[in-house]
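Open the model in your viewer and keep the selection panel at hand. The stops below go from one selection to the next.

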Amino acid sequence: MTPEAAMRLAIEQSERVKGATYPNPPVGAVILDAGGEVVGVGATEPTGGAHAEVIAMRRAGELARGGTAVVTLEPCNHHGRTPPCVDGLLAAGVAQVVYAVDDPNPIAAGGSARLREAGVVVRSGVEAGAVGGGPLREWLHKQRTGLPHVTWKFATSVDGRSAAADGSSQWITSEAARADVHRHRGTIEAIIVGTGTVFVDDPTLTARRPDGSLADRQPLRVVVGEREISSEANVLNDDTRTMVIRTHDPHEVIRALSDRTAVLLEGGPTLAGAFLRAGVIDRILAYVAPILLGGPITAVDDIGVLNMAGAQRWRFDAIEPVGPDVRLSLVPN
């Protein structure tokens with residue numbers, strides 16, 4: 001197996017644990033023996049557990065000696081809850097380390113330099129785009145900015161309506177799209193909605209399996225706005241925790257969630273407009289159904305754009321079918 005193919009396997013490993021490693025990054029690792037055969041795979045365990053490289057090397061055993069370690073993130077060079085991964089790689093006797101992206105955390109960085117000093121061949125930047133725009137997207141953003149990565153998720157008809165003229169919105173998208181949303185909810189740490197959404201839709205805001213049962217990992221539910229919500233609202237049930245923030249200021253909301261890494265905005269058009277005007281949305285995830293609704297209820301209200309020159313510019317970084325629908329991923333241009 002080539003290092004590039006091994007990196008794609010490492011990415012698959014990291015995707016499987018996304019959401020379970022907070023606040024650590026969801027890293028994947030693959031060990032190839034001296035002949036290029038896969039002899040160990042691993043992914044970061046929950047906080048306090050082993051890092052991906054350690055898991056993969058443990059499974060490889062002596063077959064790692066003279067081989068190649070392929071990792072989605074530069075191996076760490078500091079002693080936190082666990083020893084430095086560089087120590088384990090050197091002890092295992094690997095001849096080469098291939099990784100995708102540099103560790104932006106100055107405390108943990110320096111692993112590649114130490115490996116080179118010890119005579120290990122190091123390659124960086126392999127499949128960096130797939131890793132930086134994939135499993136490590138939110139964690140890298142948090143490391144760079146100190147703020148949580150915010151994804152605005154919405155479902156819409158092909159003509160941009162989030163509900164029919166009578167206000168009904170269940171269901172615009174397919175069962176496959178809704179299942180995809182629940183899978184995504186299981187990888188993030190908080191879901192934000194406004195009080196208006198609670199009053200109109202009374203959502204539960206949980207991550208559920210296809211059979212309707214609660215997933216193992218549940219995000220924090222966050223309700224923003226100054227109106228009181230009913231104590232009987234579904235968002236206040238015992239399925240998971242809920243935070244109520246009495247503000248209309250998106251910046252205050254983000255600061256209140258500053259200890260989180262990945263946040264999902266699922267509010268209605270008013271809240272989405274406020275977050276877009278404030279410039280705090282880092283990604284748009286739109287599920288578009290092949291239906292036409294017409295009517296006045298759009299996915300987003302006023303965002304402060306008066307003419308084409310002032311339009312917010314975004315670019316697609318992924319377009320994928322989900323059942324009969326299409327999932328569009330956009331990032332700032």
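Contact, as used on this tour, means heavy atoms within 4.5 Å. The model is a predicted one.

**Stop 1: Ala 299**

Select Ala 299, in the loop between β11 (283-289) and β12 (314-322). Leaving aside neighbours within four places in sequence, Ala 299 is in contact with Trp 152, Phe 154, Gly 160, Ser 162, Gly 268, Pro 269 and Ala 272. Its relative accessible area is 12%; buried means under 20%, so Ala 299 counts as buried.

**Stop 2: helix α1**

Select residues 3-16, which form helix α1. At 1.5 Å a residue, its 14 residues should span 20 Å, and the end C-alpha atoms are 20 Å apart, which agrees. Which residues of α1 are buried? They are Pro 3, Ala 6, Met 7, Ala 10, Ile 11, Gln 13 and Ser 14. These residues cover an arc of only 160° around the axis, so they lie on the same side of α1. An α-helix has 3.6 residues a turn, so residues three or four places apart point the same way.

To see what the buried residues of α1 pack against, show β1 (28-32), β2 (38-43), β3 (68-73), β4 (96-101), β5 (121-123) and α5 (128-132).

**Stop 3**

Zoom in on β4 and β5, which run parallel and are joined by three bridges. Val 97 stands opposite Val 122 in β5.

**Stop 4: the eight-stranded sheet**

Move to the other open sheet, which has eight strands in the order β9-β8-β7-β10-β6-β11-β13-β12 and mixed pairing. Its edge strands are β9 (242-245) and β12, each of which pairs on one side only. Neighbouring strands of this sheet are turned by 20° against each other on average, direction ignored.

Select Ile 319 and then Leu 328 in β13, its bridge partner. Helix α6 packs on the sheet, touching β6 (149-157), β10, β11, β12 and β13, and its direction makes about 135° with that of β6.

Colour α6 (residues 137-145) by burial: Arg 137, Glu 138, Trp 139, Leu 140, His 141 and Lys 142 are its buried residues. Just after α6, Gly 146 takes a positive phi of about 80°.

**Stop 5: strand β7**

Select β7 (residues 190-194), where five of five residues are buried. Ala 190, Ile 192 and Gly 194 point one way, while Ile 191 and Val 193 point the other way. Five bridges join β7 to β8, and the two strands run parallel. Ala 190 stands opposite Leu 220 in β8. Helix α10 (residues 269-278) lies across β6, β7, β8, β10 and β12, running at about 110° to β7.

**Stop 6: positions listed by UniProt**

Select Arg 185, Leu 205, Arg 208 and Glu 266, which an unreviewed UniProt entry lists under "binding site".

Start with Arg 185 in helix α7 (residues 175-185). Arg 185 is buried, at a relative accessible area of 9%. Beyond four places in sequence, its contacts include Leu 205 and Glu 266.

Leu 205 lies in the loop between α8 (195-201) and β8 (220-224). Is Leu 205 buried or exposed? Leu 205 is buried, with a relative accessible area of 3%. Among its contacts beyond four places in sequence are Arg 185, Ile 191, Val 193 and Glu 266.

**Stop 7: Thr 261**

End at Thr 261, in the loop between α9 (250-256) and β10 (262-265). Thr 261 is buried, with a relative accessible area of 9%. Among its contacts beyond four places in sequence are Glu 138, Trp 139 and Lys 142, which are also among the buried residues of α6.

Terms used
Residues numbered from 1 in each chain as written. Predicted model: local features only at pLDDT ≥ 70, side-chain atom pairs only at ≥ 80, totals over all residues. Heavy atoms only, no water. Helix = DSSP H or I, 4+ residues; strand = E, 2+ residues; numbered from the N terminus. Expected span 1.5 Å × (residues − 1). Buried < 20%, exposed > 50% of the residue type's maximum accessible area, 1.4 Å probe, protein only. Arc of directions from axis to C-beta. Pairing = 2+ DSSP bridges. UniProt positions renumbered as here; feature names shortened; annotations may be inferred. Axes fitted to C-alpha atoms, helices over the stretch in contact; angles between N-to-C directions.
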